[in-house]
Amino acid sequence: MKAAPFAYTRPGTVEEVVADLAREDAKVIAGGQSLVPVLAMRLGRPALLVDVNAVPELDALTRDGDVVRVGATVRQRRTERSELAAAVPLLRMALPWVGHREIRSRGTVCGSIAHADPSAELPAVARCLGATMVLTSTHGTREVPAADFFSGAMTTAVAADELLTQVAFPVARRDEGFGFGEFARRHGDFALAGVAVRVRAPGHGDGPEARVTCFGVSDVPVTADVSAELRAGLEAVGPAPSRGELVSALAGHAGDVARAVVDTGGDSHASPEYRRRLLSGLIAREVAAAYLRATRPETERSPR
Amino acid sequence: MTLPQPTARTGADQDVEVSLTVNGSPVTVSLPARVTLSDALRDHLGLTGTHVGCEHGICGMCTVLVDGDAARACLLFAVQLDGAEITTVEGLGRPDELHPLQEAFGRHHGLQCGFCTPGFLMSSYDLLTHEPDVEREDLPSKLSGVLCRCTGYRGIVDAVDEVAHAHRDGLPGPGNCHRRTLVGRTAAGTTVPPAVDQPAGEGPGADEGHPEEIALPEGEPTIRIDVTSALDAAPEDVARVFHDVRLLARCLPGAELTDDLGDDWYRGRARVALGPVKLAFNGMAHILEQSDERIRMNGQGRDSGGGGAQAGITMVAAPGDDGGTTLRATADVFLTGRIAGFGRSLAGDVSRRMFADFARALDRAAAGEEPAVDARPPSAVALLWSSLVDRVRARRRRATSGRRRRP
């Protein structure tokens, strides 16, 4: 389990990084927590690793108006601890599920999204929130919305000569509540099924809005608008239900959503039918939790 | 955490120089970019306490602290850690003063085969330093980054929970981090502290020149030796040998002086064989004091198979009875790597035996007899046998005299 030999460079600027990426069979390494196992198993043998950890601007975690910008080398654990990142509650709810502490010490938010494992948590968070990915190459910089970013298992809009320099996550609005949950064989394993949920409280004459992004059940994170299902559930139990009442009321609808969303072939750990049942339970549970967080007074709303 | 410095491109077949602080010691290693931190620690620095299990980030055996946060050493390329501060299980506690976590793991049977233990210790150290208020019910998931196949985890949870309760206001830091010389198993690993004065263009460990000093580690030595021998030779004959370093080296079985580097620096090698264990040390000695009745030197050596030794040795000759000489040798020996795993008792017995043999050879040399040119390394059987005989004798002495004669 040793990586095959590779050339190595650690440039100090984004310009140098993308120049290296444009020249040859190169791969970006930041935290390496997804890449190193791939290299160790010799599933990948890039000629050159371009280490981006010496680029100061990529190490930035900043609030920029309505978004929190997470740079390419910002560690997951730093994000988890950051007060600034608390403005994106869904990110902070999802991060403890990413691998283990030991992985998050080095693993980066951008790296997980660029790696795009179908059962990873952070791509689902980016998709659910409609985050924006910033890609840079020698040709310039472009922004790609999350909806267009994930194109298949471990395949994204990032071209071979591009660097995902940062991801911009929208800051939570006051009327939003979030939910996150997953089932895995053991904590830290990739999820058999998981959900990231955003609910907007009912506004002036509008009903509540709800969207759920499911992961581990297809080759990309799949987002579904479940506003109609939430409204139907609320009609059955009234506008101020207990959590249990709302979960029960959503259960039937959640099953329909899960049937439509799960299209993985299944594996030795879980058949597609089993994943549908897991997902159905998760959708009902987390949509209910997110609705209650969105509609509760401000003081009670912080997750956990 | 500070960012690493940019570095120019290195070819796949080239080595990169990486400077780290490992358990408080600044070290520089030169290695290919594909070498993981776990391999660098074990092979280049001789720190085999960091275990390697799956080598792809699943099992957690190789968990170490990188800039204070636990991370898996098999998922990091050492080259990426230039400037980082690493703490391994060797830095956590000393054999004679374990870290509270190590004590608790022992008390609660938190280990059986011990293979996962370094990983669990470093992971739980990280947990308790960052989340001192962690509750027992959360420990199984908080410690899920390391796998144990023996204990069923109960003893581990008990141990960590006890330490958490005892140290809510802050866990004691690593107790064994200070400057020492780390010696690796491969020729590629060189770890002479960077302060060493080297001619330009030559890395540490180059064939010419010598460091400014051999800095012995702080803290308790692995073995402390104090052997007094009665020699037949007269003090002035012993003094003659004291001034002849080549002859002195010959007196040590298995040792050989290869170079006189000047300024009282010498290069040499020594072989020791203990059953299946064969050690071949290459190293240097620096004579700090040399008079008719006293010799003081520091030495350090690297075993080609995976260990290092450093020693501060003092020998004092005094007029003895009947015109002979009393030779007292004291030494603080610091062992690292695989040889440190022998256990103090055996290593101490072997070392004392070597000093006793040395004294006999010195006695003969003082009498004008040249020690055998092709000195055979101390053989396993002979050494172990005499160690055993010594122990039996010591026990009998204690039994008869009621006094502890041996340290």
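Tutor: Before we start, a residue is buried under 20% relative accessible area, exposed over 50% and partly exposed in between (1.4 Å probe, protein chains only). This is a predicted model, in which local features need pLDDT of at least 70 and side-chain atom pairs pLDDT 80 or more, while totals for chains, interfaces and linings use all residues. Residues are numbered from 1 along each chain as written, chains are lettered from A and ligands numbered from 1 in written order, and side-chain values use heavy atoms, without hydrogens and water.

Student: What makes Glu176(A) and Arg200(A) a salt bridge?

Tutor: A salt bridge needs a side-chain nitrogen of Lys or Arg within 4 Å of a carboxyl oxygen of Asp or Glu. Here the N to O distance is 2.8 Å, and the pair qualifies. Glu176(A) sits in strand S11 (residues 176-183) and Arg200(A) in strand S12 (residues 193-200) of chain A, 24 residues apart, and the pair links distant parts of the chain. Strands (E, at least two residues) and helices (H or I, at least four) are DSSP runs numbered from the N terminus.

Student: Are those two residues buried or exposed?

Tutor: Both Glu176(A) and Arg200(A) are buried.

Student: How many salt bridges are there over all chains?

Tutor: The count is 34. Among them is a network that links Arg77(A), Arg81(A), Arg101(A), Asp69(B) and Asp126(B).

Student: What makes Ala116(A) buried?

Tutor: Its relative accessibility is 4%, so Ala116(A) counts as buried. Ala116(A) is in the loop between helix H6 (109-115) and helix H7 (121-129) of chain A, and has a phi near 55°, a positive value in a residue other than glycine.

Student: And why is Asp263(B) called exposed?

Tutor: Asp263(B) has a relative accessible area of 59%, so the label is exposed. Asp263(B) belongs to the loop between S8 and S9 of chain B, and its phi is also positive, about 55°, although Asp263(B) is not a glycine.

Student: Why are H10(A) and H11(A) called oblique?

Tutor: Helix H10 (residues 243-261) and helix H11 (residues 272-295) of chain A pack at about 135°, with axes 7 Å apart. Axes are lines fitted to C-alpha atoms, for helices over the stretch in contact, and angles run from 0 to 180 degrees between N-to-C directions. Under 35 degrees is roughly parallel, over 145 roughly antiparallel, 65 to 115 roughly perpendicular and the rest oblique. The angle therefore makes H10(A) oblique to H11(A).

Student: Which angle makes H3(B) and H4(B) oblique?

Tutor: The axes of helix H3 (residues 100-107) and helix H4 (residues 117-130) of chain B come within 10 Å and cross at roughly 125°. H3(B) and H4(B) are therefore oblique to each other.

Student: What is the handedness of the H3(B) and H4(B) crossing?

Tutor: The crossing of H3(B) and H4(B) is right-handed, and the crossing of H10(A) and H11(A) is right-handed. Right-handed means that the near helix is turned clockwise from the far one by less than a right angle, and left-handed anticlockwise.
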